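Here are a few exercises on reading a protein model. Have a go at each task before you peek at the solution.

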Amino acid sequence: MRLELIRHGQTDWNLAHKLQGSSDIPLNDTGRGQALEAARLLAGVEWSAIVSSPLGRARETAEIIAAELGIELGDAYDELIERDYASHEGRTPESPIPDQPNADYPDIEPRESVAARGVGALEMIRDTRLPLDGDDAHIVVVCHGTIIRFTLAEILGREVPHIENAAANTVEWDGTAWHVLSINGGVLDTPID
């Protein structure tokens with residue numbers, strides 16, 4: 001089973017470098033264009049399903065991709081919601097965002113919580129779709145940059161770069177473990193697990 005983890009298209013808050021987190025910010029016109037471009041890059045594969053985070057920017061990206069690929073929009077998973085930046089949402093960070101709450105960011109969601117939700121979401125999608133679609137299923141999963149980055153890092157056991165808007169990141173389930181095949185559309189020479 002292969003999953004394409006797609007970060008939603010751009011929003012006005014992305015453009016202004018504001019923390020969005022669990023705030024429900026819509027796509028802007030650039031983001032809608034990025035969603036169309038993502039759909040073009042995904043064309044040519046028989047997709048079993050497209051699912052997403054329930055936040056509007058991810059859901060709209062998924063709707064655009066589903067319409068372009070001619071597949072029905074599937075479920076929204078709360079586990080795919082972006083990292084909660086709490087009182088810092090809507091602000092432009094003045095310092096790097098820490099992995100754990102600290103004096104500057106006292107109420108952010110801890111990194112391990114985000115990574116656990118991300119891996120849990122992959123497993124939930126796998127367990128839901130595998131009986132329906134089989135081992136060879138290809139599923140598009142539209143969600144958010146930080147949860148994708150932390151999830152890939154958890155699988156790889158090392159840091160990964162910033163996830164670009166509408167970029168594809170491929171993970172594969174081989175029956176026993178997840179493997180990362182690409183990050184930001186760049187194919188890795190060999191699967192890393």
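**Exercise 1.** Work out how much space lies in the second largest pocket, and what lines it.

*Solution.* Start with the space: the second largest pocket holds about 270 Å³. A pocket here is an open set of points on a 1 Å grid over the protein atoms alone, where a 1.4 Å probe fits, with protein on both sides within 12 Å along at least five of seven lines. The volume is the space filled by probe spheres set on those points, joined across faces, edges and corners.

Next, the lining, meaning residues with an atom within 4 Å of a point. There are 18 such residues, and Glu4, Ala38, Leu41, Leu42 and Ala168 lie nearest the centre. Two elements, β1 (2-7) and α2 (29-42), each give two or more residues to this lining. The largest share comes from α2, with 5 residues.

Finally, sort by class: 10 nonpolar, 5 polar and 3 charged. Ala, Val, Leu, Ile, Met, Phe, Trp, Tyr, Cys and Pro count as nonpolar, Asp, Glu, Lys and Arg as charged, and the others, Gly among them, as polar.

A quick note on the source: this is a predicted model, where local features need pLDDT of at least 70 and side-chain atom pairs count only at pLDDT 80 or more, while totals for chains, interfaces and linings use all residues. Residues are numbered from 1 along each chain as its sequence is written, and side-chain values use heavy atoms, leaving out hydrogens and water.

**Exercise 2.** Check the radius of gyration of the chain against that of a compact globule.

*Solution.* For 193 residues the rule gives a value near 16 Å, and the chain has 16 Å, so the two agree. Along its principal axes, the C-alpha trace spans about 45 × 35 × 30 Å.

Terms used:
Helix = DSSP H or I, 4+ residues; strand = E, 2+ residues; numbered from the N terminus. Rg over C-alpha atoms; globule rule 2.2 N^0.38 Å.
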